Amino acid sequence: MAITFGAVGLTHFGGVYLLHRFLTRIGFKAAVAKDVTLAQRNNRYTVGELLLAILYPIILGLERIETTQLLQHNGVFRYLSGLPTYPD
């Protein structure tokens, strides 16, 4: 599979796609869902998705949790990361 980037929908988070493919290949979400339990009032997101929503900003170098708000509105990031929406 060839990965190309063009002028449409540019984002400086483009490299997250390769990380997403790696985590998908090793079955990260399924492993987390199997081994980690979390009592939730709202089950809109799986435990794996919540963990990824915390890990991606750390890996991307976003230093403050408040700056993750820009990821909620970045459709290209959500697509590349495999998260249909980003938790608030």
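G48 is buried, with a relative accessibility of 1%, where buried means under 20% relative accessible area, exposed over 50% and partly exposed in between, for a 1.4 Å probe and protein chains only. This is a predicted model, in which local features need pLDDT of at least 70 and side-chain atom pairs count only at pLDDT 80 or more, while totals for chains, interfaces and linings use all residues. Residues are numbered from 1 along each chain as its sequence is written, and side-chain values use heavy atoms, with hydrogens and water left out.

G48 lies in helix 3. Helices (H or I, at least four residues) and strands (E, at least two) are DSSP runs, numbered from the N terminus. Leaving aside neighbours within four places in sequence, G48 is in contact with F28, K29 and V32; contact means heavy atoms within 4.5 Å. F28 is 20 residues from G48 along the chain, and their C-alpha atoms are separated by 7.4 Å.

The chain as a whole has five helices and zero strands. Of its 88 residues, 30% are buried. Among contacts between residues at least 6 apart in sequence, 53% join residues at least 24 apart.

The segment before helix 1 holds G15, which is exposed at 53% relative accessibility. The C-alpha atoms of G15 and F77 are separated by 9.6 Å, although the two are 62 residues apart along the chain. Just after helix 1, G27 has a positive phi of about 75°.

With a relative accessible area of 14%, L23 is buried. Not counting residues up to four places away in sequence, L23 touches F28, L52 and Y56. L52 is 29 residues from L23 in sequence and 9.6 Å away, C-alpha to C-alpha.

These residues also belong to a wider set. The largest nonpolar core has twelve residues: V16, L23, F28, V32, V47, L52, A53, Y56, L71, F77, L83 and Y86. Such a core is a set of buried Ala, Val, Leu, Ile, Met, Phe, Trp, Tyr and Cys residues joined through side-chain atoms within 4.5 Å. Helix 1 (16–25), helix 2 (28–35) and helix 3 (47–60) each supply at least two residues of this core, and the largest share, four residues, comes from helix 3. In soluble globular proteins, nonpolar side chains tend to be buried together.

Helix 3 also takes part in a pocket. On a 1 Å grid over the protein atoms alone, a pocket is an open set of points where a 1.4 Å probe fits, with protein on both sides within 12 Å along at least five of seven lines, and lining residues have an atom within 4 Å of a point. The second largest pocket is lined by L50, A53, I54, I65, T68, Q69, Q72, Y86, P87 and D88. Helix 3 and helix 4 (69–72) are the elements that give two or more residues to this lining, and helix 3 gives the most, with three.
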